[in-house]
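Welcome, and please load the model in your viewer.

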Amino acid sequence: KEFFRTYLGREGTAAEVAAWCGKNMLLPAIEAKFKEMQSKKAAVEGFFRTYLGRAGRAAEVYGQFVRNLTLDQIEARIRELPEARTRAVKGFFQIYLGRPAAAEELAHWTTGALGQGLTVDEIGALIKKLPEARQYQAWS
């Protein structure tokens with residue numbers, strides 16, 4: 001129970017504590033795993049702040065752990081969440097066009113582009129190539 005509080009900042013559920021107690025591991029090995037989870041948790045929380053501009057809710061952060069994904073895979077998934085895509089497109093409009101995206105533009109580049117299977121990077125590259133973006137860059 002103490003490892004959950006110390007390393008993960010939360011109480012472990014009865015099932016989680018029982019699962020760890022049932023492992024055939026020595027206490028130092030279990031503590032090492034918790035330290036590893038603490039580091040992973042910090043990285044995942046950083047991805048939420050970077051790509052979503054907010055802290056991840058506990059269920060969102062811990063939901064990434066159960067999938068046994070690498071940090072690169074977790075980052076890619078968070079970066080492509082609809083909320084992150086919307087935030088990125090708004091940023092691209094400000095950077096490349098010097099203005100906020102209109103509602104229909106935002107819809108086109110988020111849900112429309114999502115349907116085409118474009119990544120956030122690909123969307124940014126396309127917005128940067130728009131005639132309006134070239135004109136804005138020439139004037140700034």
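## Starting at the end of the chain

Select Ser140, which sits in the segment after helix 9 (131-139); helices here are DSSP runs of H or I with at least four residues, strands are runs of E with at least two, and both are numbered from the N terminus. Residues are numbered from 1 along each chain as its sequence is written. This is a predicted model, in which local features need pLDDT of at least 70 and side-chain atom pairs count only at pLDDT 80 or more, while totals for chains, interfaces and linings use all residues; side-chain values use heavy atoms, with hydrogens and water left out.

Is Ser140 buried or exposed? Ser140 counts as exposed because its relative accessibility is 65%; buried means under 20% relative accessible area, exposed over 50%, and partly exposed in between, with a 1.4 Å probe and protein chains only.

## Into the cores

Next, show the side chains of Val89, Phe92, Phe93, Trp109, Ile123 and Ile127, which touch the most other members of the largest nonpolar core, a set of 13 residues. Such a core is a set of buried Ala, Val, Leu, Ile, Met, Phe, Trp, Tyr and Cys residues joined through side-chain atoms within 4.5 Å. Helix 6 (82-97), helix 7 (103-116) and helix 8 (120-128) each supply at least two residues of this core, and helix 6 gives the largest share, six residues.

Centre the view on Trp109. Which residues is Trp109 in contact with, leaving aside neighbours within four places in sequence? They are Val89, Phe93, Ile123, Leu126, Ile127 and Leu130, where contact means heavy atoms within 4.5 Å. Another core, of 10 residues, lies apart from this one; Val44, Phe47, Phe48 and Val61 are among its members.

## A stop on helix 8

Pick Ala125, found in helix 8. Ala125 counts as partly exposed because its relative accessibility is 34%. Select Arg99 as well: Ala125 and Arg99 are 26 residues apart along the chain, and 17 Å separates their C-alpha atoms.

## Zooming out

Switch to a cartoon view, and you will find nine helices and zero strands. The C-alpha atoms fill a box of roughly 65 × 30 × 20 Å along the principal axes. Buried residues make up 31% of the 140 residues. Among contacts between residues at least 6 apart in sequence, 59% join residues at least 24 apart.
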